[in-house]
Amino acid sequence: MPGAGQQREMLCFMPGVAAVPALLVGWSSAAFIISYVIAVLAGHVEPLVPYISDTGTKPPESGIFGFMINISALLGAITMYIRYLIIEKQNESLRFVRSSCNVFSLCIGLMGCTGMGIVATFQTTGRRHSFLLLLHAQHNVAIIFSRLTGSYHVIVFASRISMTKIDWTPSEKDYTYHFMSAICEWTVAFGFVFFFLTFIKDFQRVTLRISTEIHEDS
């Protein structure tokens, strides 16, 4: 039988609500990777650094991408709301951050999560890349108020090329910009997703309870 210390080590991610950001990171990473693998195997994109959104444009990967990103958006909204509640609780004993900034951060985060759901649900080529990149930036704005992160290089590169194109060859004129913007997109996406791992320590100390009250009709 394992000792108490071993059990505590085995359950290091279990206390509080730490499972929420951990699940968000794992699920979102799986969404990107699974849709990429299926798109490459189906011959819909080139194996060498395609856009994330291109890997979820055509069926069957589009259905998987849409389903998993919608779940990620929901987990992201839950994570942002829990983070909001944590800061509000800290403000009761210590002026941790202005309440207005906390509310603003929550609103921007929820808007970003809603945008993720829109991107996942309405899968078209066209300007979808630009919308996805702007959502990454919008998410980063929300996180800045409670942490420190952000990258906008991807938008600079993406603005130099056509966003309606999926099939690229190295001999094309704008291939370098495409390649660099795709690398930046993957970097920003995984950098943003893995940044939620920094929430785990704080979330381990938090317990959420749901109180149910039934009011009898008089």
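1. The model is predicted: local features need pLDDT of at least 70, side-chain atom pairs count only at pLDDT 80 or more, and totals for chains, interfaces and linings use all residues. Residues are numbered from 1 along each chain as its sequence is written, and side-chain values use heavy atoms, with hydrogens and water left out.

2. Of its 218 residues, 41% are buried, that is, under 20% relative accessible area with a 1.4 Å probe, protein chains only.

3. The loop between α2 (19-41) and α3 contains proline 60. The peptide bond from proline 59 to proline 60 is cis, with omega near 5°. Valine 49 has its place in the loop between α2 and α3, and its phi is positive, near 50°. Most residues other than glycine have a negative phi, and most peptide bonds are trans.

4. Among contacts in the chain with a separation of 6 or more, 73% join residues 24 or more positions apart; a contact means heavy atoms within 4.5 Å.

Methods. Buried < 20%, exposed > 50% of the residue type's maximum accessible area, 1.4 Å probe, protein only. Helix = DSSP H or I, 4+ residues; strand = E, 2+ residues; numbered from the N terminus.
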